[in-house]
Amino acid sequence: MRPSRRAVLTAATTAAVSTAPAAAAAPPRHRLRTGFERLARDGYALLQGRKVGVVTNPTGITRDARHIVDVMHADDRVDLTAVFGPEHGFRGTAQAGGSEGRHDDPATGLPVYDTYLKSGRPLADIFTASGVDTVVFDIQDVGARFYTYIWTLYDCMEAAQLAGKRFVVLDRPNPVTGRAALGPVLQREFATFVGRQPISQAHGMTVAELALLFNGEFLTEPVPLETVTMSGWRRADFYDASGLPWVPPSPNMPTPETALVYSGTCLFEGTNLSEGRGTTRPFELLGAEGIDRRWAAAANELGLPGVHFREAYFAPTFSKFQGKTVGGVQLHVHDRAAFDPVRTGIGLLVTAKRVWSGFAWRPDHWIDKLTGSARVRTMIDAGADTDEVVAGWQEELAAFRRTRRTYLRYH
């Protein structure tokens with residue numbers, strides 16, 4: 001990572017809204033306010049006199065479940081002129097790997113532009129064509145490097161800089177806490193849309209903190225950036241402490257419990273096992289034809305903190321093994337504070353390969369894109385155990401944690 005541009009960013013990244021969190025109090029007495037809530041409470045002063053476009057999806061809602069686009073469109077204090085939709089679309093009508101395309105929103109009449117899989121100059125041209133001068137980002141993240149919304153954030157920041165636009169990030173909680181960064185750090189030669197830059201697999205940051213990190217460490221030229229932080233959020237808070245309604249950020253992220261395990265069990269996308277898509281418990285149910293009780297027994301023998309594994313059988317309604325009954329495990333997290341999702345994901349890969357002769361990586365080595373290098377795959381193939389694989393990334397993780405610390409805005 002190149003040196004931080006903190007001196008350059010000091011003026012650009014400090015919003016008119018204070019970044020200090022509210023005094024800590026035990027849930028449910030303390031009141032979290034999202035970046036949008038604080039922006040609105042301030043009369044949208046940060047957007048005064050600006051032509052505004054919003055990058056958002058169904059998670060961009062108020063405490064009473066109204067969409068922020070609908071709220072701002074109805075408010076004369078905001079000149080909202082465009083919406084930009086990510087993967088799954090602005091209103092969320094598309095499945096994984098899809099978007100809604102260019103259209104006019106039926107509810108507001110606003111033009112909706114498609115950002116999915118667009119970056120650099122083509123995305124900058126979209127911002128220019130929209131006529132906005134300020135791009136606002138408000139999407140709920142889930143805390144994993146390979147969840148694509150944070151790279152939509154990165155791509156939009158880069159494009160806004162190229163187009164000469166101002167960029168504002170409205171913060172929301174990391175639903176699985178911001179306590180720690182976990183897992184391997186991406187190697188640049190493995191960069192894709194599930195990991196543009198070298199951050200850890202579970203980053204332990206909010207989107208506003210990530211925006212500051214991106215601006216300070218990775219963008220060739222920083223974008224004029226302002227962040228509207230939350231009040232009342234503490235780094236140890238899980239999503240249920242927020243008092244906010246949960247809207248699935250994508251079709252296979254139905255609950256905060258899904259997010260809790262996702263940064264580990266999404267690794268099974270890189271194998272021939274089902275990661276639970278097509279069930280009511282995606283990423284909590286894992287399995288394949290031919291797997292039986294031995295996998296759950298082997299996983300439990302690892303003594304991984306905070307989680308038990310149950311022998312499970314399920315029939316996915318779509319995706320891998322559609323309509324077939326498969327065997328595997330269900331994760332039951334009994335102590336979420338102790339639970340380490342990335343170590344757990346590695347332990348499950350190691351034991352699946354040992355107990356099931358049919359285990360295979362996806363032929364395209366997608367696992368390397370998810371983990372950020374070939375190391376996890378090659379170590380497991382060579383017979384490494386869970387502790388050995390986890391030990392392999394500790395030095396790079398320690399370096400990322402030092403860099404990350406500069407950009408944290410909450411206690």
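Which residue lies over the face of Y113? Select Y113 and then R102, which lies over the face of that ring at 4.8 Å from its centre (a charge sits over a ring if NZ of Lys or CZ of Arg is within 6 Å of the ring centre and within 35 degrees of the ring normal).

This is a predicted model, in which local features need pLDDT of at least 70 and side-chain atom pairs count only at pLDDT 80 or more, while totals for chains, interfaces and linings use all residues. Residues are numbered from 1 along each chain as its sequence is written, and side-chain values use heavy atoms, with hydrogens and water left out.

Next, select the open sheet, whose 7 strands run in the order β3-β4-β2-β1-β5-β6-β9 with mixed pairing (strands are DSSP runs of E of at least two residues, helices runs of H or I of at least four, numbered from the N terminus; two strands pair if DSSP finds at least two bridges between them). At the edges stand β3 (103–104) and β9 (225–228), each with a single partner strand, so one side of each has no neighbour in the sheet.

W151 lies in helix α5 and F214 in helix α6, so the pair ties together parts 63 residues apart in sequence.
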